[in-house]
Amino acid sequence: MEQQQTPSAVEQAMLAEFERRIAAGETVEPKDWMPERYRKQLVRMMSQHAHSEVVGMLPEGNWITRAPSLRRKLGLLAKVQDEAGHGLYIYCGTETLGVGRDELLDQLLSGKAKYSSIFNYPTLTWADIGAIGWLVDGAAIVNQTMLAKASYGPYARAMVRICKEENFHKKQGFEIMTVLAGGTPAQKAMAQDALDRWWWPSLMMFGPSDKDSPNSAELTKWGVKRKGNDELRQRFVNQTVAQAQAIGLTIPDPELTLDEATGDWKFGQIDWDEFHRVISGDGPCNRERLAARRKAHDDGAWVRAAAEAHAAKQDGQGGAARVA
Ligand code: FAQ
């Protein structure tokens, strides 16, 4: 009986020490003791994030061959490549928690894992590329600037670099929108249409309202999340309204009003039914996105096989050299 209580007391002491470190603002590193639940929450959130970066390449990749100029094509190509890099940093960060990339990719390809709702919407016109950079990267920056202070070191450090790159992405998107909004009436209409379609899905990126967010309390207690979903969403709205006004576009929300007392732009009701449909696999492009990822994985089988054969050959040569 006593033997069963002792480990629990030790565990409690370790948990208390862990929480003391978090409260003191210390960073948790891969070899530090951590509660199993903390590790699980991080794997869940980080792997979803990594998948989002990789699936997020698809809607924009759709326009690489149709970019309106060489300059735009180069910019978009570089951006999409950056997103692949972001996925890689975060998968590497997740590996420090003892989960292999193969396992995480299996979860994505089998449809078990989540990725950001936003990437299940189609890119119908060139203006959608501007809207993604401006709104989607803009929302990602607001969320990830907070995560750059997360308690888990490898994740926080990945966020610092990612946010720097996302800033370029946002600028290229906003510049595309600025040029279109100041162009011909047809170009301006195309920019407005893209804003109309991407606005509400961008607000959904921040996740459900805090009162309906089952993970927030635990993530906040352990210093992974430093701000709630609603506060970040509000921060994004406040920033973006002024930017839309500056380029003469209208946010598609008749209820948008400035609260003079707080300085917040109050916005209308988010369609949470749509959000839940999209995250449960029934959005406009969920099936298409997963099919594209599965095809890319299958098409890349020979590259993985060649890389493994090369590594085995190098090991063999290294071994021979060492023997010699
Ligand atoms: N989409 O309890 P909460 C980017 C799920 S990167 C899908 O509030 P949490 C860059 C949530 O997972 C964009 N699912 O959850 C780029 C949970 O489900 P589970 C990705 C969502 O973790 C730009 C359930 O709902 N960024 O855009 C979404 O406390 C352009 C309950 O929610 C990140 O992943 C959603 N929007 O807060 C790339 C940032 N929202 O797992 C390419 C890191 C919620 O219990 C091109 N993640 N869910 O079954 C986070 O900050 C958080 O995980 C939140 C959700 C805020 C997304």
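Leaving aside residues up to four places away in sequence, Ser213 touches Pro208, Lys225 and Asn229, where contact means heavy atoms within 4.5 Å. Ser213 sits in the loop that runs between helix 8 (185-204) and helix 9 (216-221). Helices here are DSSP runs of H or I with at least four residues, strands are runs of E with at least two, and both are numbered from the N terminus. Ser213 counts as buried because its relative accessibility is 12%; buried means under 20% relative accessible area, exposed over 50%, and partly exposed in between, with a 1.4 Å probe and protein chains only.

The model is predicted: local features need pLDDT of at least 70, side-chain atom pairs count only at pLDDT 80 or more, and totals for chains, interfaces and linings use all residues. Residues are numbered from 1 along each chain as its sequence is written, and side-chain values use heavy atoms, with hydrogens and water left out.

**Whole chain**

The protein has 13 helices and 2 strands. Its C-alpha trace spans about 75 × 60 × 35 Å along the principal axes. Of its 324 residues, 45% count as buried. Among contacts in the protein with a separation of 6 or more, residues 24 or more positions apart account for 76%.

**Ligand site**

Which residues come nearest to the ligand? Of the 37 residues around the ligand, these are Arg44, Gln48, Lys114, Ser213 and Lys225; a residue is near a molecule or strand if one of its heavy atoms lies within 4 Å of it.

| Residue | Protein atom | Ligand atom | Distance |
|---|---|---|---|
| Arg44 | polar side-chain atom | oxygen | 2.8 Å |
| Ser117 | backbone N or O atom | nitrogen | 2.8 Å |
| Asn215 | side-chain N or O atom | oxygen | 2.9 Å |

Taken alone the ligand exposes 1,100 Å², and the protein buries 91% of that.

His49 is in helix 2 (residues 36-55). It counts as buried because its relative accessible area is 10%. Not counting residues up to four places away in sequence, His49 touches Ile90, Gln144, Tyr155 and Met159. The C-alpha atoms of His49 and Tyr115 are separated by 6.6 Å, although these residues are 66 residues apart along the chain.

His86 belongs to helix 4 (residues 70-95). With a relative accessible area of 0%, His86 is buried. Its contacts, again without residues up to four places away in sequence, are Glu53, Ile162, Glu165, Glu166 and His169. The side chains of His86 and Glu53 are also joined by a polar contact of 3.4 Å.

Arg233 lies in helix 10 (residues 229-246). Is Arg233 buried or exposed? Arg233 is buried, because its relative accessible area is 1%. Not counting residues up to four places away in sequence, it touches residues including Leu203, Met204, Phe206, Phe267, Ile270 and Trp272.

Lys295, in helix 12 (residues 286-299), is exposed at a relative accessible area of 52%. The side chain of Lys295 makes a polar contact of 2.6 Å with the side chain of Asp299. Lys295 and Leu109 are 186 residues apart in sequence and 9.8 Å apart in space, C-alpha to C-alpha.

Gln314 is found in helix 13 (residues 301-323) and is partly exposed, with a relative accessible area of 41%. From C-alpha to C-alpha, Gln314 and Ile118 are 42 Å apart in space and 196 residues apart in sequence.

Conventions. Polar contact = N/O pair within 3.5 Å; in protein donor to acceptor, adjacent residues only side chain to side chain. Areas by Shrake-Rupley, 256 points an atom, 1.4 Å probe, with all protein chains shown as cover.
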